Amino acid sequence: MSLSTCEPQQRDGKDSDSNHSFITVIPIDFPRNRGFPQPPDQYSDYSPGDGDYVSDGSKLDQGVDEVGGITREINSKYKQVISHDYEDTPHNPQWDRTNNSQADSPGQSLNVCVYLMGDIALCMELEDGTNTTVEDLVKAIVAEEQLGLPPSAFKMFTLWMCSGLLELQLKPHHRALAIRAKWPDLLARYAHATESRQRRDEPVLSFQRNIFIPQSCDEQIKDTRVLDLLYAEARYNILEGRYPCEVAHFIVLGGIQARLELGPYNPQIHTINFFRDQSSRFLPIHMRRGAWTSWLHLSGKNSPEVRLLEHYKRIPASTPDRKLQKKYLEIVWALPYYGCVFFQGQVEQPVRGLLSLIIHQDVPVLVGINLKGVYIIDNVQCTLLLGLKYEELCWDFAKPSHEENPDCLPCLFLQFRVLENGTRVSKVLQIFSKQAVMMDALIARFVEETKKKTSLAQRTDEVDKPLTYDTGTDSDGNGVQIPLATLTQRDMSQSCLGNKLSKLTLATFDEEVWWR
């Protein structure tokens, strides 16, 4: 592959370095998407009915040891990652190619722009753009001198194709132009949106963290440039409401971010009015006050803006930025859903009262999946609704019985065990999503990896086992031990990280009956 300097649109009065080969680095300031401040209209296009699903296999009655052993032909080629709203960012017209014949034509040059999570975009000219693979592009980005990335960044980061409707981590052998040519078909299969919205969708290439890299690798990194990229991605997820925290933690993180971006506290500039106007920059949307409170200028001592300012003021001016950045990452690393892939879905909300029957609608959620488990998140309220480790769950994927009906969605079932009023019961959550097949494939892969790690640990040494109950008396007689999905097993005491089962519609089965 050969790359040469392209002629990008100039910004901030800076000229491109004509003597620099391969890549032009451009400072940018693209808008940050706030996720779903209101329930998205596209979800109202689907109203799944009862009895519309046919199971594609039965994994619900099995523990993780049996579940991981089942394999089926599922298209796991595309994985979802963090989304952006890039509609206001410039793109090269050459990128707007959706014809497969163009994607397959050899020797065709192509100008592409790759966005980093920070304030940098890379403008690249590919001499053989149609055949350039993701692996080629990542190698060129890591080798770029202006970025100063170490060779280890080649494994830590990769390319995603992202838009407001769909987010895909690309495989090393994928050709970016070929995936772009297939984008309308991918939207039709996986996007929760109307056809008109899909036609307006415009994806971009983004350089982000590889979802298959263990978190332990992040925690061992010392290179400052790599830490910069990890910090920018963590900050994005915090501000988007994808990483629920306690309010106090959001204040701490916002204060650190303010110190890194604004410098030391200056009483002449950094007033409460300043932070009131800049609240969207440092706080997620659910913590910002409404328009009416801003108009009344109500700012009590416990308001988020006041607490943010107070924490910002307390950071010593002599504190190194690198130390603050590392502290920010350490707080985020402690969250169980760090490094998650996020899928869009919807769940039924419990019916409470007659009015709920009339205006009853499904609730849009994000389904986060990482190497540790599965997490159902309300990113509007920034709340964890349900979090399960792979040792605590069984799952199943179901296709609609009438696949030609757009109102019938595929779904993912999550089964887990809890103690309810002293009785051992099994709960099942149903998640409706056109992206359920990708969730299923990714869970299957991570479960297999979890099984391998557990088996290796058992062979090498005795490991601490979680609280379990013995199923050896069950009629199946397999004697498998499955952990109880109880909050006491978690290393998180914060209320926002506890399961909110009351906010979900769950099917309940008595264990004494279910396992006969």
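Colleague: Okay, helix 10 and helix 14: how do they sit relative to each other?
Modeller: In this predicted model, helix 10 and helix 14 are oblique to each other. Their axes cross at roughly 55° and come within 8 Å. For orientation, helix 10 covers residues 247-262 and helix 14 covers residues 304-314.

Colleague: Is that crossing of helix 10 and helix 14 left-handed or right-handed?
Modeller: The crossing of helix 10 and helix 14 is right-handed. On the helix 10 side, the contact uses V247, A248, I251, V252, G254, G255, I256, A258, R259 and L262. Helix 14 brings P304, R307, L308, H311 and Y312 to that contact.

Colleague: What classes do the residues of the helix 10 and helix 14 contact divide into?
Modeller: There are 10 nonpolar residues in the contact of helix 10 with helix 14, plus 3 polar and 2 charged ones.

Colleague: And helix 15, how is that one oriented against helix 10?
Modeller: Helix 10 and helix 15 are roughly antiparallel, because their axes cross at roughly 155° and the cut-off for that label is over 145. The axes come within 10 Å, and this crossing is left-handed.

Colleague: Which residues meet there?
Modeller: From helix 10 you have V252, L253, I256, Q257, R259 and L260. They meet D321, L324, Q325, K327, Y328, I331 and V332 of helix 15. By class, the contact of helix 10 with helix 15 has 8 nonpolar, 2 polar and 3 charged residues.

Colleague: New topic: where is Y243?
Modeller: Y243 is in the loop between helix 9 and helix 10.

Colleague: Buried or exposed?
Modeller: Y243 is buried: its relative accessible area is 3%, and buried means under 20%.

Colleague: What does Y243 touch, leaving out residues up to four places away in sequence?
Modeller: Its contacts include A234, N237, I238, F250, V332, Y337, F342 and C382. Take C382: 139 residues separate Y243 from C382 in sequence, yet their C-alpha atoms are 7.3 Å apart in space.

Colleague: Zooming out, what does the secondary structure of the chain come to?
Modeller: The protein chain has 18 helices and 18 strands. Of its 516 residues, 51% count as buried.

Colleague: How many residues does the largest nonpolar core have?
Modeller: That core has 109 residues, and F207, I369 and I376 have the most contacts inside it. Helix 17, residues 436-460, gives the largest share of this core, with 8 residues. Another core, of 6 residues, lies apart from it, and A398, C411, F413 and F432 are among its members.

Methods. Residues are numbered from 1 along each chain as its sequence is written. This is a predicted model: local features need pLDDT of at least 70, side-chain atom pairs count only at pLDDT 80 or more; totals for chains, interfaces and linings use all residues. Side-chain values use heavy atoms; hydrogens and water are left out. Axes are lines fitted to C-alpha atoms, for helices over the stretch in contact, and angles run from 0 to 180 degrees between N-to-C directions. Helices (H or I, at least four residues) and strands (E, at least two) are DSSP runs, numbered from the N terminus. Angles under 35 degrees count as roughly parallel, over 145 as roughly antiparallel, 65 to 115 as roughly perpendicular and the rest as oblique. A crossing is left-handed if the near helix is turned anticlockwise from the far one by less than a right angle, and right-handed if clockwise. Contact means heavy atoms within 4.5 Å. Ala, Val, Leu, Ile, Met, Phe, Trp, Tyr, Cys and Pro count as nonpolar, Asp, Glu, Lys and Arg as charged, and the others, Gly among them, as polar. A nonpolar core is a set of buried Ala, Val, Leu, Ile, Met, Phe, Trp, Tyr and Cys residues joined through side-chain atoms within 4.5 Å. Buried means under 20% relative accessible area, exposed over 50%, partly exposed in between (1.4 Å probe, protein chains only).
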